[in-house]
Amino acid sequence: MDKVLMHVGPVTIKDDILLAGVKNNVGFTSKEFVDAFSTSLKGLREITNAKSYQPFIIPGGGTSAMESITSLLKKGDNVLVVSNGVFGDRWEAILKRYQVNVEVLRPKPGYYVKPDEVKEATEKKHYKLVTFTHVETSTGVREPVGEAVKKVRNDVDITVVDGVSGMGAEEVNAEEWGVDVYISASQKALGSTPGAGLLVLSNKAVEMISDDSVAGYYLNLKNWLPVMRSMEEGKAMYFATPPVHTILQLAQAFDDVRKEGIHNRVKRHSLVSGAIRAGIESMGLRIVAKAPETYSNSVTGVELRNADPKKVMEASITEGIEFAPGVHPAFKYFRIGHMGWVTINDALITIGVLERVLKSLGEEIRLGEGLRAVQEYVENHDNHNPK
């Protein structure tokens, strides 16, 4: 049975993107690969609205991109982590492996650290670097990073945003907001395959890359910087073997994003995610993100009262749809990923399957109300829907 992948990543991948990587005898110095690399670097600038920034594509994923930020830090630097959940906490776990001082701001589970709370912390103490998480994948909470960064950018040296579940689904204006580093990964809302960590760095951030940083070797951006500059100019250069076929696929994904238009893409994600949440709430279920202004375009956590989340996911797979397990210890829940190439039809399938599965597992729901709510939401919000 074909399966609909409503996961938090990897996500469903279009055939043209998959097929872009089904190629033999492509070397990392070949024109075909260098062109794909150059296209992808330019695509990163476009999708983050960071025209003057330096893009990077490094092996690994979101976590490798996160750890590469140590290239900007020196021994003894102070770092403030703004964490809304499990993956915000990952910044702390990474940075505490290095000789820097790390402090963390956390809200109650399901909520977010408000920009004024971050501002209060940065006024009391100087931090070399502050990290934010645009969309917290464990809870589906979206931090208002544009507002938060604008409040603190004159108090701190470098602002860093984890956009692993944001890039390609949420509005990103890195340059306008004053974000110095925005990072992501290839397998999330961009709708490509896993294997690459993505970053854009402001000129100020690039200037902080130095020989005496606390970074190691492989993820040290100083070693990757000349490769990025050369590749974008169409000239092959080597530091370590890049994920060749992943980058071929990423280039196709950026081409597809460009054809759709990033504004249209964000609107599509907003429509699908809103329809799914309307269905969930009309069934009588609660959402993990507690403040509606923080609902994200890419991830929704669904709390359960009676049913076992693991059994819900297992039963849903037999119905042809795969969800993601919950990872935050404060909730009994599962997660729906609605990012990449999702459509309203995916929203209808998602809610239809959940109504049947949850009813069969003894969860108290209003059967049929979820599907009705999805249809009504689309009727009221889809600009392309004739009235």
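## Basis of the model

The model is predicted: local features need pLDDT of at least 70, side-chain atom pairs count only at pLDDT 80 or more, and totals for chains, interfaces and linings use all residues. Residues are numbered from 1 along each chain as its sequence is written, and side-chain values use heavy atoms, with hydrogens and water left out.

## Overall build

The chain holds 14 helices and 15 strands. Both are DSSP runs numbered from the N terminus: helices are H or I of at least four residues, strands are E of at least two. The C-alpha atoms fill a box of roughly 60 × 55 × 40 Å along the principal axes.

The radius of gyration is 21 Å, which agrees with the value near 21 Å for a compact globule of 387 residues. That radius is taken over C-alpha atoms, and the globule rule is 2.2 Å times the number of residues to the power 0.38.

## Burial, contacts and charge

Of the 387 residues, 60% are buried. Buried means under 20% relative accessible area, exposed means over 50%, and partly exposed lies in between (1.4 Å probe, protein chains only). The chain exposes about 15600 Å², with 49% of it supplied by carbon and sulfur atoms. These areas come from the Shrake-Rupley method with a 1.4 Å probe; for residues, only the protein chains shown count as cover.

Contact means heavy atoms within 4.5 Å. Take the contacts between residues at least 6 apart in sequence: 72% of them join residues at least 24 apart.

The chain carries 46 positive and 49 negative charges, and their mean positions are 2 Å apart. Lys and Arg count as positive, Asp and Glu as negative; His and the chain ends are not counted. Each charge is placed at NZ of Lys, CZ of Arg, CG of Asp or CD of Glu.

Strands of a sheet pair through backbone hydrogen bonds, either parallel or antiparallel. Here, two strands pair if DSSP finds at least two bridges between them.

Strand β3 (residues 78–82) runs parallel to β5 and is joined to it by 3 bridges. Val81 stands opposite Thr131 in that pairing. Strand β8 (residues 158–162) also pairs with β5 in the parallel sense, over 5 bridges. There, Leu129 has Ile158 as its bridge partner.

## Antiparallel pairings

Strand β2 (residues 54–60) is mostly covered, with 6 of its 7 residues buried. It runs antiparallel to strand β10 (residues 195–201), joined by 7 bridges.

An open sheet of 4 strands runs in the order β11-β12-β15-β14, with antiparallel pairing. Its edge strands are β11 (286–287) and β14 (324–325), each pairing on one side only. β11 meets strand β12 (residues 299–303) over 2 bridges. Ile287 has Val302 in β12 as its bridge partner.

## A buried histidine

His269 sits in helix α11 (residues 262–283). Its relative accessibility is 0%, so His269 counts as buried. Leaving aside neighbours within four places in sequence, His269 contacts Gly168, Ala169, Ala189, Asn297, His338, Met339, Gly340 and Val342.

## Loop residues and backbone geometry

Val22 lies in the loop between α1 (15–20) and α2 (31–48). At 62% relative accessibility, Val22 counts as exposed. Its C-alpha atom is 8.9 Å from that of Gln249, a residue 227 places away along the chain. Asn25 is also in the loop between α1 and α2. Asn25 is exposed, with a relative accessible area of 72%. Its phi is positive, about 60 degrees, although Asn25 is not a glycine.

Asn49 belongs to the loop between α2 and β2. Its phi is also positive, near 50 degrees, in a residue other than glycine. Asn49 counts as partly exposed, at 36% relative accessibility. Gly9 and Pro10 are joined by a cis peptide bond, with omega about 0 degrees. Pro10 falls in the loop between β1 (4–5) and α1.
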